[in-house]
Amino acid sequence: MEEVREALALLLENYWIVREEAPEQYNLIRRHEAHLRRYFLEKCGWRLMATPQFYKLEKIPAQPASWMGIQEFSHPRDYALLCCVLAFLEEKSVNEQFLLSDLCESLLALYPHEADERLNWESYEHRRSLVRALKFAVERGLVRLVDGDSEQFALRAESEALYEVTVLARYFLRSYPKDLHQYKSLAELQSAELFDDEATTGRGRRARVYRQLLLTAAYNAADARPEDFLYLRNMHRRLRDELESYTGLQFELYKDCVLLTSPERTNWCKQIFPFYQSGLHTVILHLASFCRDRWPAGEGWQQSFSPVAFERLVGECRECYGAGWTKEYRTATLSRLAAEVLAELEGWNMAAYDPETGFITLRPALARLAGRYPDGWPSRSEPAD
C-alpha cells in the first residue's frame, strides 16, 4: 500500500511523469498502473494516460479556481499565445526543429482576429508575452531549446533561437467529446464529462466530491451543492478510511468545511500551509488567532467585512502581533498588506471576495488555525512607512 500511496501522490502533484527524466517514478507507477487507473476513474472520473514515454493523470476540477491558472502568466494574451504555439506545433513532426522567427511569423496568422488588440512584435509587452509562453512550454517539456535564448527576444525583436518539438506537445491539451466551438458557455464545457445523467446522485456526485477533496485546500459547504455535503456527512467514515489509506492525509469534517490535512510536515504536497519560510503565512496564522479571540470558533463560523473593515482588522492584528513579522510586512502600507493577505487567503479557500457587494468573507478553514508567540514576546510592532 505504501507504494500505491507514493505513486498516487506523484500523479496528483505532477502534470506528468516522464520516463526519460524520472525512470524510477515511471516504473513505480507502471507497477501499480491497473490499480491506479481503476481508482481514479471510479472515484474521480479521471483518465490515466499511459504511453511508453510518460504517464499523465488528467486532473479535471469540479470547479475552476484562479489559483489553477499558470502562475507565471500575467495577461490573457499569454494564454492566447500559448494556444497559438500549440497550434503551430501540431503541424510539426516529433524532433523537428524550428526557428523563433518562423514561429513569430506563423503566430501573426494564428492569433485570434477577434482579440482586443492585434499582435505586434514591435511591442515589448507582446514580445514579453511570447517569452513567457515559450518559457512555460520549455519547462513543461513541450519543446526543447536547442540554441539561443528566448529572453533576448523581449529586448530585441530580431533575436533568434532554435527549438525542437518533443512528443509531449501532442498530449498537453485534453480532448473533449465534441468540437470546442459547439460549447456555448463555460458551464456547458465543464459539464461535458461530469456524468449529467447522474449529476445529483451516483457517479457525478461522487466525482465532484473526490475532485474537490483532492484538488482544493478546503472544501466549503458554501461552494458545494447541498447534496454533495449530504453525501459527505452520510459517507464520512468510509471516505475517511479510504482517503487516509490512499493519501496518508487526515480527513477532517466540520459543519461547513472539509479538509485533508497532514499531521506532520511532509514532502507529499508541493504547496503546503503554513510554509515555514513564508512571512505571509505567519501573518495569516496570527490573523486566525486574532479572529478566534474576537469571535470564538464554533459551528458555522464565518465572518464578513467591508474592504475598509477588513483593512482595519488586519491593522489591529499587526498592532497586536506585528513585532515578530518580517520587515516586509511590519512596514508595508496597510492597504498593500491587506491585499496580499486577502489574495493568499482566497488561494487557500480561507476567504472569499464577492465582486458584486465588495464584501470579504472569512471562511471556516481559517478558524481551524492559530498562531501565537511564547509568553513574554513583545506585543507592539513598528509603525508602517
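Reply: The buried residues of helix H10 pack against helix H9 (203–215), strand S7 (219–220), helix H11 (236–247), strand S8 (250–253) and strand S9 (257–261). Contact here means heavy atoms within 4.5 Å, while helices (H or I, at least four residues) and strands (E, at least two) are DSSP runs, numbered from the N terminus. This is a predicted model, in which local features need pLDDT of at least 70 and side-chain atom pairs count only at pLDDT 80 or more, whereas totals for chains, interfaces and linings use all residues. Residues are numbered from 1 along each chain as its sequence is written, and side-chain values use heavy atoms, with hydrogens and water left out.

Helix H10 itself covers residues 226–234, and its buried residues are Glu 227, Asp 228, Phe 229, Tyr 231 and Leu 232. Buried means under 20% relative accessible area, exposed means over 50%, and partly exposed lies in between (1.4 Å probe, protein chains only).

A further site concerns Gln 63, found in the loop between strand S3 (54–57) and helix H4 (76–90). Gln 63 counts as partly exposed because its relative accessibility is 33%. Leaving aside residues up to four places away in sequence, Gln 63 touches Met 68, Gln 190, Gln 212 and Asp 223. Gln 190 is 127 residues from Gln 63 in sequence, yet their C-alpha atoms are 8.2 Å apart in space. As for Asp 223, its backbone oxygen lies 2.5 Å from a polar atom of the Gln 63 side chain.

How values were computed: A polar contact is a pair of N or O atoms within 3.5 Å; within protein, one must be able to donate a hydrogen and the other to accept it, and residues adjacent in sequence count only if both atoms are side-chain atoms.
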